[in-house]
Amino acid sequence: IVKADSDLEVSLAMMSKHREEANKVATMELVGNVKDADCLIVDDMCDTAGTLCKAAAVLKKNGAKRVITCISHGLFNGPALKRIEESALELVLVSNSIKHSQKEIEKVTKKIKL
C-alpha cells in the first residue's frame, strides 16, 4: 500500500495476460489483492472489449466492490458495446480520440461516458 497522505490509501494490483492470438486471451491472472476495493482499470485501447470485460470479471471474482475503467482509444468493434453492458464494469470513461455518438452508444449501454 502506498500512503499518499494520512487520509488516502491506494494499492496496486495488475493483470497478467497471455494471448493465443489477436483478440483472444488464453489466460489472465490477478497479481495483488482487490478484496473490498474500488478498482480502476487504465488501458490504452478497447477494441472488442473481451480482455477488458474478462479483467473486470476477475476483479469482481476476487472481491472488488466496484470496477470502473478509463480508456484512451475506444474502438468498440463488433460485440464491444454488448459485452460492456453485460459485464461487471460499472463505468467506462473514454477520451474523444475516436469520434462516437453518445446517443448511439446509449442505445446499447449507458455505462460508457465519452
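Of the 114 residues in this chain, 28% count as buried. The model is a predicted one, and its accessible surface comes to about 7,500 Å², with 52% of that belonging to carbon and sulfur atoms. As for overall dimensions, the C-alpha trace spans about 40 × 35 × 25 Å along its principal axes. A compact globule of 114 residues would have a radius of gyration near 13 Å, and the 15 Å found for the chain agrees with that. Contacts reach well along the sequence too: counting those between residues at least 6 apart, 56% join residues at least 24 apart. On the charge side, there are 18 positive and 16 negative charges, and their mean positions lie 5 Å apart.

What is the chain built from? It holds 3 helices and 8 strands. Reading from the N terminus, the elements go β-β-β-β-β-α-β-α-β-α-β.

Four of the strands make up an open sheet in the order β5-β6-β7-β8, and the pairing there is parallel. The edges are taken by β5 (38-46) and β8 (112-113), each of which has a single partner strand, so one side of each is left without a neighbour in the sheet. Further in, β6 and β7 pair in the parallel sense over 4 bridges, and along this pairing Ile71 stands opposite Val94 in β7. On to the next pair: β7 (residues 91-94) runs parallel to β8 and is joined to it by 2 bridges. Here Val92 has Ile112 of β8 as its bridge partner.

Strand β7 also has two faces worth a look. Side chains in a regular strand alternate between the two faces of the sheet. In β7, Val92 and Val94 form the covered face, while Leu91 and Leu93 form the uncovered one.

Is Thr69 buried or exposed? With a relative accessibility of 0%, Thr69 counts as buried. Setting aside neighbours within four places in sequence, Thr69 is in contact with Leu40, Ile41, Leu52, Leu89, Leu91, Val92 and Leu93. That list takes in Leu91 and Leu93 from the uncovered face of β7 as well as Val92 from the covered one.

Ala64 is in the loop between α1 (50-61) and β6 (66-74), and its relative accessible area of 6% makes it buried. Which residues does Ala64 touch, beyond its neighbours within four places in sequence? They are Val34, Ala37, Cys39 and Leu59. Ala64 can also be placed relative to Asn33: the two are 31 residues apart along the chain, with their C-alpha atoms separated by 8.9 Å. The other residue, Phe76, belongs to the loop between β6 and α2. Phe76 counts as buried at 10% relative accessibility. The backbone of Phe76 has a phi near 50 degrees, a positive value in a residue other than glycine.

A positive phi turns up at Asp36 as well, at about 60 degrees, although Asp36 is not a glycine. Asp36 lies in the loop between β4 (24-31) and β5. So where Phe76 is buried, Asp36 is exposed, at 52% relative accessibility.

Glu86 has its place in helix α2 (residues 80-86) and counts as exposed, with 59% relative accessibility. Which distance separates the C-alpha atoms of Glu86 and Thr109? It is 8.9 Å, for residues that are 23 apart along the chain.

Gln102 is found in helix α3 (residues 102-105). Its relative accessible area of 24% makes Gln102 partly exposed. Apart from neighbours within four places in sequence, Gln102 is in contact with Ile112, Lys113 and Leu114. Two of these contacts lead back to the sheet, as Ile112 and Lys113 fall within edge strand β8 (112-113).

Methods:
Residues are numbered from 1 along each chain as its sequence is written. This is a predicted model: local features need pLDDT of at least 70, side-chain atom pairs count only at pLDDT 80 or more; totals for chains, interfaces and linings use all residues. Side-chain values use heavy atoms; hydrogens and water are left out. Two strands pair if DSSP finds at least two bridges between them. The radius of gyration is taken over C-alpha atoms; the globule rule is 2.2 Å times the number of residues to the power 0.38. Buried means under 20% relative accessible area, exposed over 50%, partly exposed in between (1.4 Å probe, protein chains only). Contact means heavy atoms within 4.5 Å. Accessible areas come from the Shrake-Rupley method with a 1.4 Å probe; for residues, only the protein chains shown count as cover. Lys and Arg count as positive and Asp and Glu as negative; His and the chain ends are not counted. The place of a charge is taken as NZ of Lys, CZ of Arg, CG of Asp or CD of Glu.
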